[in-house]
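Please view the sequence and structure below before reading the points.

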Amino acid sequence: MPVAEPFVSTRNPCKACSPLGACLAFRGIEGAVPFLHGSQGCATYIRRYLISHFREPMDVAASSFSESSTVFGGGDKLRRGLDNVSRQYQPRMIGIATTCLVETIGEDVKMLLNDYHPAAEPAPDLVHVSTPSYRGTHVDGFHAAVRAVVGQLAEAGEPTSSVNLFPGAVSPADLRHLKEIASAFSLDVAILPDYSDTLDGAQLEEYRKIPEGGTPLASIRAMGRAAVSIEFGRTLEGSATGAAELERKFGIARKTLGWPVGVVESDRFFSELSAISGRPVPQIFVRERGRLVDSYVDAHKYVFGKRAIVYGEEDLVVGLAAFLSEIGIQPVLCASGGQSGRLEAAVAAVTASSVGPVLARGNLDFAAVRELALEMKPDFMIGGSKGYSIARELDIPLIRVGFPIHDRIGGQRILHLGYRGAQQLFDAVTNTLLARAQDRSPVGYSYL
Amino acid sequence: MHILEERQRQVHRKGSEPFDLDCNKQSAAGSVSQRACVFCGSRVVLYPIADALHLVHGPIGCASYTWDIRGALSSGPQLHRNSFCTDLKELDVIQGGEKKLHKALTQLIVEHQPKAAFVYSTCIVGVIGDDVEAVCRQISAEQGIPVLPVHSEGFKGTKRDGYRAACEALLKLVGTGDPSGVSKASINILGDFNLAGEVWMIRKYYERMGLEVTATITGDGRVDDIRRAHGAALNLVQCSGSMMHLAKVMKDRYGIPFRKVSYFGIEDMSQALYDTAAHFAGVVPGIQERTVELVRGELQYILPEIAEYRKRLAGKKAAIYVGGAFKAFSLVRALRHLGMDTVMVGSQTGLKEDYEELRELCDEGAIIVDDSNPLELSSFLSERQVDLFIGGVKERPIAYKLGIGFCDHNHERKLALAGFEGMLNFAREVYGTVASPVWRLTPRGSAREAAPCR
Ligand code: SF4
Ligand code: SF4
C-alpha cells in the first residue's frame with residue numbers, strides 16, 4: 001500500500017489561536033482589560049470560546065478594523081479604541097494583542113503605542129504582545145502575553161526573597177491550590193497570571209466592569225526583584241518565556257519544572273519549594289501524598305495495563321502522561337496540536353516507567369488522532385471536550401480535563417495539580433473504568 | 001452608566017424622545033461589541049448544508065471557533081460537522097496560500113466525495129491577495145463538482161454582509177439542477193437552519209397541508225435540492241435578515257414569489273401556515289381547511305400546559321438581545337403570550353425599519369438598542385429589574401452573574417423553539433429559568449425578597 005500523503009489542511013483542530021491565549025493571560029491581571037487590535041470577529045469568537053468553558057463574563061475589546069484601516073493603517077482605530085476602553089472600564093492595564101490581519105499588514109503597533117497619548121487620567125499601563133496565529137497556538141499566545149507583561153512592567157530594585165510562579169494555562173482550581181501551597185510554605189509567591197477569581201467568581205448584585213481578583217500590578221512590578229522564578233512546562237525549556245525574560249533582564253534564576261501532575265512530578269515541585277523556603281514539606285501535603293499513594297495501592301489492579309489516549313496542550317499532556325505511567329496505565333498516544341517540537345522528548349522523559357510503548361506526537365489535529373486511535377484499541381481518552389466524537393465512535397469513556405470543556409459544567413473547578421489534583425484524577429480514572437466494567441457486565445454486581 | 005459618545009444614538013427609550021435610532025454601522029472601536037464578523041454570517045448560513053465540504057481559508061482560529069458548535073442537524077451526511085481549514089502559516093502568508101488551498105481542496109474532495117465545496121476567505125486572505133476564485137474554478141474543473149468561493153473576509157463589513165456573501169454563493173448553485181418533476185404545489189423553506197430538528201417539524205406541517213418541499217435552505221440542506229430549488233412555486237423566508245437577498249434574486253431570475261414568515265410563537269407560526277395556505281388555495285384543493293384543522297389540533301395539544309405557565313409568569317419582565325431583529329419581533333409576541341412584558345430589546349444587526357417596528361410592538365419606556373455591549377446590557381438589566389434575559393452564549397454570563405434567568409435563543413442551542421411544539425418548549429424553558437428556586441440564594445434574589453412589594 002502506498003503511504004498516503006499527509007493532509008495539508010487541518011481537520012478538526014486540537015488548538016485555538018494565539019490571541020485567545022493572550023486574552024486568557026490578561027484576564028488574570030488585576031484591573032486589566034484584554035484588547036484585540038484587528039478584526040472584531042476574532043474577539044467575539046474568542047470570547048464565546050472562553051465563556052463556554054469558564055461560564056463567566058469575558059470582555060475582550062477590539063479596535064474593529066474596517067476596510068480602510070487595512071489600507072491606511074489602524075492607528076486611529078487603536079487610539080480611539082484605547083480611549084473608549086479607558087472611558088468605559090477605567091482599567092489599570094490594557095493588554096493589547098493583535099489579530100492575524102494586523103500582523104499581516106505589518107502594522108507597527110509598538111510605534112503606534114509610543115505615539116499614543118492616553119486621554120484617561122491616570123493612564124492605564126499598556127502592554128503589547130504580538131500574536132500572529134499563523135506562527136503559534138493559543139498556548140504560545142498565552143506564554144507570549146505573560147512574557148510581554150513581565151518584560152514591560154517588571155522593575156529592578158532591592159532584591160526580595162519572593163518567588164515568581166508561572167503556572168501556565170492551568171485551571172482556576174489549580175491556581176487556588178497553588179496559592180494554598182505557597183502560603184503553607186510561608187513563601188511570598190507572585191503567581192502570573194491568576195484568574196482564579198476573575199474567571200471563577202461569585203454572584204453579584206451589581207455588575208463589575210472588571211471582575212475582582214488577578215495578579216496585582218504591584219506584584220508584577222516587583223517580579224524583577226524576586227529571588228527565583230519557577231515555571232511549569234517541560235516543553236518550555238529553552239524558549240522565550242516570562243521566566244526567561246526575567247533571567248535575561250534581571251538575572252533571576254529560572255527553574256523549569258513539569259506541570260506537577262501525579263506523585264513524581266508533584267514531588268519535584270514540593271521539594272523545590274522546600275529547598276527555596278528552607279522548610280520541610282508541610283504536614284498537610286505529606287499526608288495528602290500518603291493517602292494518594294495508599295489509594296494507588298488499593299486500586300492498582302483496576303487500572304493496570306489499561307490503554308489511554310491523552311490529548312490537549314503539550315504540557316498538560318506531558319503531566320498526564322507522567323501520572324498515567326506511574327499508576328500502570330499505558331498512554332498509548334500523547335497528542336497535541338502544539339508545535340513546540342519538544343513534546344516527544346518531554347513525554348519520553350516522564351514515561352520511563354510506562355508498562356508499554358508510548359507514542360507522542362505534536363502538531364496533530366483530531367482527524368489524525370482519530371486515525372491513530374482506531375488502531376490502538378484504547379480503553380479511554382483523557383482531555384478536553386473536543387475529543388468526544390472520537391470517544392463516542394470508539395465507544396470508550398472520555399475523562400474531561402484541561403481546556404476547553406464545552407460539554408460539561410465545572411471545567412474551571414477541575415483540579416489537576418499537586419497530590420490533591422492527582423487524587424481527584426486518580427479517583428476519576430479508576431471509577432470511570434470500574435463503572436464501565438460494571439455497566440458492561442451481564443451480572444451487574446453492586447459489590448466490587 | 002456611560003454610553004460611548006459614538007453610540008449615544010444607538011440607544012432609544014420609548015416615550016422619552018423622538019425616534020431616531022442609528023444603526024447598521026461599524027462597531028465603535030474599543031467597545032466590546034457582541035457582534036461577530038462577515039465570516040460568521042456566511043458560516044451560519046451555509047454550514048447546515050450537510051453534503052458539502054466547508055473549507056475555511058485562513059489561519060486556524062476562525063475554523064477552530066466554529067467547529068461543531070451549532071445544533072444544525074442533518075438527517076443524513078454529517079460532513080458539515082467537521083472543521084476544515086488551510087491553517088495558513090507564516091510562509092503561506094508571505095508566499096500566498098493558493099498552492100496550499102489547491103492541495104487542501106483536492107485532498108479533501110478526494111477523501112470525502114462531497115457534492116459541492118464552499119471556500120470561506122477569512123480576513124488575511126483579503127490582504128495577501130490570493131485569487132481564490134481562480135483556484136475554485138480550477139478545482140471545480142478538475143473534480144467535477146461546484147466549488148464556490150465565499151467572500152467572507154471578516155473586516156469587510158458586518159455579519160449582514162456575510163449573509164449576502166452566502167446568498168451569492170447559493171445563487172451559483174440554484175438553477176443548475178433539473179427541476180422537472182417538481183410539483184406546482186411546492187415550496188422552498190428559506191432561513192431555517194434545522195437547529196434541534198426544527199426544519200423537520202416545519203416541513204411536516206407543510207406536508208400535512210398537502211405541499212411538497214423542494215429544498216430546505218439551508219437547514220438539513222442538500223446540494224442537489226438547492227440546485228433544483230428554482231422549480232418551486234413559493235419561497236418562504238424566515239429570518240429575513242439572512243435570506244432575503246436569495247429570495248429577491250430568485251424572484252427576479254425565476255419569477256418565484258416569496259413570503260416572509262416566522263415560526264416562533266403561536267401567532268407567527270399559525271400566520272405562516274395560513275398565509276401559505278391562502279397562497280395555494282387555488283392550486284391545492286382543501287388546503288385551507290386542512291390548515292385550520294392542523295393549527296387547531298396542535299393548539300389543543302399545547303395550550304393547556306402553556307396556560308399553566310402563563311399563570312405563573314404573568315407580569316414578569318423580559319429583556320431580549322439577539323443577532324437579527326426579525327427574531328426579536330416574534331419573541332416579543334411570544335413573551336406576551338406568556339403574560340410577560342419586554343422592557344428591553346436589541347439586536348446586533350437590525351435595520352432602522354426593524355427598530356421602528358420593535359418600538360411599535362413594545363410598551364412605553366422600553367429600551368431599544370443596536371449593537372450593544374456587556375456594560376450597557378448589564379446596566380439595562382439592572383435598571384429595568386428584569387426576570388428573564390433572552391440571548392446567546394455571550395449574553396448568558398451577564399444574566400447569570402446578576403442572578404437573572406436566561407433563555408438561549410441562538411444558533412448554539414440544542415432545544416427546538418420553532419413551531420407549536422417549540423412554543424411549548426419555549427414556555428417550559430422560560431418557566432424553568434424564571435421559577436427556579438436558586439435565585440433566592442443570590443444577592444440580588446435575597447435583596448428582592450426582602451423588598452416589600454415584590
Ligand atoms: S484571524 Fe487569526 S486571530 Fe482572528 S480568529 Fe483567525 S486565527 Fe484567530
Ligand atoms: S479573522 Fe476575520 S473572518 Fe476570522 S473571525 Fe476574525 S474577523 Fe472573522
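**Helix packing in chain B**

In chain B, B:I266, B:S270, B:L273, B:Y274, B:A277 and B:A278 of α11(B) meet B:I287, B:Q288, B:T291, B:V292, B:L294, B:V295, B:L299, B:I302, B:L303 and B:I306 of α12(B) (contact means heavy atoms within 4.5 Å). This is a predicted model, in which local features need pLDDT of at least 70, side-chain atom pairs count only at pLDDT 80 or more, and totals for chains, interfaces and linings use all residues. Residues are numbered from 1 along each chain as its sequence is written, and side-chain values use heavy atoms, without hydrogens and water.

- The axes of α11 (residues 266–279) and α12 (residues 287–313) of chain B come within 9 Å and cross at roughly 170 degrees.
- α11(B) is therefore roughly antiparallel to α12(B) (angles over 145 degrees).

**Helix packing in chain A**

- α11 (residues 262–277) and α17 of chain A pack at about 170 degrees, with axes 9 Å apart, so the two are roughly antiparallel.
- A:G262, A:V263, A:S266, A:D267 and A:F270 of α11(A) meet A:G418, A:Y419 and A:A422 of α17(A).

**A buried helix**

- Helix α1 (residues 18–26) of chain A is largely enclosed by the rest of the structure, because 9 of its 9 residues are buried (under 20% relative accessible area, 1.4 Å probe, protein chains only).
- Its buried residues pack against β2 (32–37), α2 (40–54), β4 (93–98), β5 (125–129) and α7 (138–153) of chain A.

**The surface of chain A**

- A:L448, in the segment after α17 (418–440), is exposed, with a relative accessible area of 58% (exposed means over 50%).

Technical notes:
Chains lettered and ligands numbered in written order. Helix = DSSP H or I, 4+ residues; strand = E, 2+ residues; numbered from the N terminus. Axes fitted to C-alpha atoms, helices over the stretch in contact; angles between N-to-C directions. Parallel < 35°, antiparallel > 145°, perpendicular 65-115°, else oblique.
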